[in-house]
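Open the structure in your viewer and keep the selection panel at hand. This tour tells you what to select next and what is there.

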Amino acid sequence: MPTKKKIATIIPCRQGEEKVKLFLEQNHGLDNKVLEECIFYCNKMEKTELFCVNKEEASLIELLLKKNLNPYNGGLYLGKISNERFEPSLQLGKEIIEHVRRTGIEAKRLLVLSDHQGIRFTYGKSVSLTASREPVTRDDSIYLVVNSRHEFLGWGVIRNGKLYSLLDIGWYLRKGG
Amino acid sequence: MREYDSIFELKISSKALKIASRYSYLPYMIERYMRIFPEDELIEFLDKVEEGVPRSIRCNTLLLEDCRLLVERLEERGFELEQTGILSYAYRVVNESGSLGSTIEHLLGYYYIQGIGSMLTSVLLSPREGEFVADLASAPGGKTTHMAQIMNNKGCILSVDKSLARVKKLRSNIQRMHVKNTVVLRKDILRITGLEEFFDKVLLDAPCTGEGLIVFKKERKTSRTMDDLRKMSGLQIQLLEKAMELLKPGGTLLYSTCSIAPEENEYVLSNVLSRRDDIEVLPTRYGRVGSPGIVEYNNTVFHDDMRKCLRVYPHRDGMEGFFYCLLRKR
């Protein structure tokens, strides 16, 4: 008998809030002002997805849950937790860059690409950083990747002098539909 | 039998057959257009459909303070844009030098490819910051993301669609356009219970046969039958009744379709209005754009308030065909 495809339901979650705040602080040296007035929700599927919703959205979600209606997505999508590791979303990256632009605060692990490098990166291809000022690191730190206009292009990791895309805005074209 | 069902009875004239053959339409469509437009205007309409209208984009003011920067960037890439004069952030793409959906600016969420007729729905409903709004049958998200833009990402939109594949596209567009005030629900709206009288505003851009999109999709000239119109209008009546349930007393609902078929518009509304006394039709106008709704068609007289509704046509308004009608729940 064919099984009906289930869709995730979002519910309030503290675990998600802690994960995101830790990520912002440890990875980018940012406090939780990036996500001010956020109410944290998660869904529980194979990977836990995290959302930041406003108070009106929270009240609607609570009403939907009470009426056995299962919301699928809400507010700002922050990312997902896989094997206890937080994987940030494109929306969170954009939110961080917007916060940095607005406040003038510097974010750690922000990598600026040339236009040519930026195009390669948004095709999901690796980018050689040999000509870049960025030091070659051996850790698994996640980098905020922007272009010369400081527009958010995605998340990447650096290995052996090359930047690899973890998630880039080309995803919207390749997989987002 | 529903009221006004006489609109589905159609005799096809030899003249309609001749024009249908010349422009490659199913004859019943031409017969209906002969009852909507005077003869010279009918030809003008058919010629405009052949010519087509340019695609258009909506600049995302959630991410860009000045849309001229977007115009400059796209023009540097060889696109030619023209301000619509209808919405300050809407542009016609009069010359496409490449794929409009794969520029970096599109991936950055700086614009949404959307017909001007489609953009007008969100503007006519005019949601405000802090309101609770429902967008029923919402995927892929053009109207939801536009309403979020108008609401400045404040308040809350419930965006509903019943197809999983479409809901995934909706979510992708919500994220790309950096919309933050939307809750997505995958559900058949006819099966929603428990949200009665909750919303300040409701947008029902009803599923339709897409007769207004014929300027973009020429296959529509032969792809739908009169029976499809009859079936679709039955669903639209059910959806409108359901949408009214979700609306607060005093709240506003916009019924719209991307169809110019009276069967999917004035017929649907007249049927619902004839059974209920808690709905008021509001004047639906946007400057000098569009024409009033149809009151008489194919020997049938619709509800008199249909003249308050709004129709747009490619040959008169330079955009895809659309129908809009604002309703208030008493």
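## Where the chains meet

Show chain A and chain B together: they bury about 3400 Å² between them, and 60% of that lies on carbon and sulfur atoms. Buried area is the accessible area (1.4 Å probe) that two parts lose on being put together, summed over both.

A word on the model before going on. It is predicted, so local features need pLDDT of at least 70 and side-chain atom pairs count only at pLDDT 80 or more, while totals for chains, interfaces and linings use all residues. Residues are numbered from 1 along each chain as its sequence is written, chains are lettered from A and ligands numbered from 1 in the order in which they are written, and side-chain values use heavy atoms, with hydrogens and water left out.

Select the whole contact next. It takes 38 residues from chain A and 42 residues from chain B. Contact here means heavy atoms within 4.5 Å.

Which side chains meet in a salt bridge at 2.8 Å? Pick A:Glu49 and B:Arg171; the 2.8 Å runs from N to O. A salt bridge is a side-chain nitrogen of Lys or Arg within 4 Å of a carboxyl oxygen of Asp or Glu. Chain A and chain B have three salt bridges between them.

Color chain A by element. Helices (H or I, at least four residues) and strands (E, at least two) are DSSP runs, numbered from the N terminus. Helix α2 of chain A gives the most, with seven residues. By type, this side of chain A divides into 17 nonpolar, eleven polar and ten charged residues. Ala, Val, Leu, Ile, Met, Phe, Trp, Tyr, Cys and Pro count as nonpolar, Asp, Glu, Lys and Arg as charged, and the others, Gly among them, as polar.

## Chain A as a whole

Chain A has five helices and eleven strands. Of its 177 residues, 53% count as buried. Buried means under 20% relative accessible area, exposed over 50%, and partly exposed in between (1.4 Å probe, protein chains only).

## A residue in a helix

Bring chain B back and select B:Ala20. It sits in helix α1 (residues 14-23) of chain B. Is B:Ala20 buried or exposed? B:Ala20 is buried, with a relative accessible area of 2%. Not counting residues up to four places away in sequence, B:Ala20 touches B:Tyr25, B:Leu26, B:Pro27 and B:Ile30.

## Backbone stops

Most residues other than glycine have a negative phi, and most peptide bonds are trans. Go to A:Asn83, where phi is near 50°, a positive value. A:Asn83 lies in the loop between β5 and β6 (85-88) of chain A, and it counts as exposed at 75% relative accessibility.

Jump to B:Asn152. Its phi is also positive, near 55°. B:Asn152 lies in the loop between α7 and β6 (156-161) of chain B and counts as partly exposed at 39%.

Finish at B:Ala139 and B:Pro140. A cis peptide bond joins B:Ala139 and B:Pro140, with omega about 5°. B:Pro140 lies in the loop between β5 (132-136) and α7 (142-150) of chain B.
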